[in-house]
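Student: I am new to this structure and would like to go through the terms one by one. Please show it, and then I will ask what stands behind each label.

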Amino acid sequence: MKKIVLTGGGTAGHVTPNIALVPRLRELEYDIYYIGSYDGIEKKLIEQQGIPYTGISSGKLRRYFDLKNFSDPFRVAKGYFEAKKALKNLRPDIIFSKGGFVAVPVVQAAKSLHIPVIIHESDMTPGLANRLSLPAATKVCCNFPETLKNLPEGKAIVTGSPIRQELHNGNRLAGMKFCGFTAKKPVLLVIGGSLGSVAVNQAIRGILPELLKNFQVVHLCGKGNLDESLRHTTGYIQFEYIQEELPDLFALADVVVSRAGANAICELLDLRKPNLLIPLPAASSRGDQILNARSFEKQGFSEVLMEDTITPELLLSRINQLYQNRQNYITAMEQSEASDAVAKITSLIEDAVHAAT
């Protein structure tokens, strides 16, 4: 059996693309292992998949002053030696890294042991962890054509981000039944991100009476963000979080309003869902969602509306416009290079393993 070690952690976005690769890797007869932090979010998510998990020490490499800057380099060094020991025991054929600071010692340990490494960068510009890992990479996968200029020439390839196969298996009728909707009006799906977005939630609810004249609305509003006063509103249903029924809700949706996190928009691209992106403002992030959204807008996949420009009239107009022109967005997405990422990435993994044997 071929062996692969997956790594990445710190946020769910550094883990779920790895999980999306698992069914295909198992079909290709890989023994799969995971190296992550001792108790990060990745540990629970990976153990749920029945994948053997090894925890290592992890520290964050900050570009600002923090007292932990004095201790974290020692944690990273410890993580390197722990990762090297684990890799010597496992003897994998290849490493696939989704990034995050826990991946840095794993990638460096793999380099010292001459194990091929494939890295995936989700955002338009590589984060610090991936920039530190680039010299060790055999190939670097990315989501955006614009990212190629920031990556080593000859190593980089646009693959898109792997998404879970089950998202393709949704049933529109099951989604309609679950929501109590009818077939008489199109469906708008609103996704505020895993923690919800106060700004997006308020904006949608502010135009709800007008929206419901033309749409039925499924609103994923985030933990603690339900509005009890809207519980019995016909044509509107809200959830803090959805897991099992999410494929059915995607199948049900005609158009989507969403934040512009890299994994979220890659799911919309792969599922060919016309979308209006409202990126997280630069003041609340490193600006990556704005860059992500502008790239999708340029490629014809998305409409973009900046949070600080939202008015009720403008938001309603842009949603109606999105629905009217939905086929244009679907056609553009069908022509994208950044789709079927699971097939592309597993092919790169196979090529690297065969080249190393």
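Student: How do you know that strand 4 and strand 5 pair?

Tutor: Two strands pair if DSSP finds at least two bridges between them. Strand 4 and strand 5 have 3 bridges, in the parallel sense, so they pair by that rule. Within this pairing, Phe 96 stands opposite Ile 118 of strand 5. This is a predicted model, in which local features need pLDDT of at least 70 and side-chain atom pairs count only at pLDDT 80 or more, while totals for chains, interfaces and linings use all residues. Residues are numbered from 1 along each chain as its sequence is written, and side-chain values use heavy atoms, with hydrogens and water left out.

Student: Where do the numbers of the strands and helices come from?

Tutor: Helices (H or I, at least four residues) and strands (E, at least two) are DSSP runs, numbered from the N terminus.

Student: What makes strand 4, helix 4 and strand 5 a right-handed unit?

Tutor: A crossover is right-handed if, with the strands pointing away from the viewer, the path from the first strand over the helix to the second runs clockwise. Strand 4, helix 4 and strand 5 make a β-α-β unit of the right-handed kind.

Student: Which strand pairs with strand 5 over 4 bridges?

Tutor: Strand 6 (residues 139-142) does, in the parallel sense, with strand 5 covering residues 117-121. The chain gets from strand 5 to strand 6 through helix 5 (residues 128-133), and this β-α-β crossover is right-handed. In the pairing, His 120 stands opposite Cys 141, and Glu 121 stands opposite Cys 142. Strand 6 also pairs with strand 7 (residues 156-158), in the parallel sense over 3 bridges; there Val 140 stands opposite Ala 156.

Student: Why is strand 5 called mostly covered?

Tutor: Buried means under 20% relative accessible area, exposed over 50%, and partly exposed in between (1.4 Å probe, protein chains only). In strand 5, 5 of its 5 residues are buried. Val 117, Ile 119 and Glu 121 are on one side, Ile 118 and His 120 are on the other, and both faces are covered.

Student: Why is helix 4 said to be largely enclosed by the rest of the structure?

Tutor: Helix 4 (residues 103-112) has 10 residues and 7 of them are buried, so the description holds. The buried ones are Ala 103, Val 104, Pro 105, Val 106, Val 107, Ala 109 and Ala 110. Just after helix 4, His 114 has a positive phi of about 60°.

Student: What covers the buried residues of helix 1?

Tutor: In helix 1 (residues 16-27) the buried residues are Pro 17, Asn 18, Ile 19, Ala 20, Leu 21, Val 22 and Leu 25. The cover includes strand 1 (2-7), strand 2 (30-37), helix 2 (41-47), strand 4 (94-97), helix 10 (262-270) and helix 14 (341-356). Contact here means heavy atoms within 4.5 Å.

Student: Why is the phi of Glu 29 pointed out?

Tutor: Most residues other than glycine have a negative phi. Glu 29 has a positive one, near 65°, and is not a glycine. Glu 29 lies in the loop between helix 1 and strand 2. With a relative accessible area of 52%, Glu 29 is exposed.

Student: What is the phi of Arg 91, and is Arg 91 buried or exposed?

Tutor: Arg 91, which is not a glycine, has a positive phi of about 50°. Arg 91 sits in the loop between helix 3 (72-90) and strand 4. Its relative accessible area is 68%, so Arg 91 is exposed.

Student: What makes a space a cavity and not a pocket?

Tutor: On a 1 Å grid over the protein atoms alone, a cavity is a set of points where a 1.4 Å probe fits but cannot get out, and a pocket is an open set with protein on both sides within 12 Å along at least five of seven lines; lining residues have an atom within 4 Å of a point. Grid points are joined across faces, edges and corners, and a volume is the space filled by probe spheres set on the points. The whole structure has 1 cavity of 30 Å³ or more.

Student: Which element gives the most to the lining of the largest cavity?

Tutor: Helix 10 does, with 3 residues. The lining consists of Gly 160, Ser 161, Cys 266, Leu 269, Asp 270, Ala 338, Ser 339 and Ala 341.
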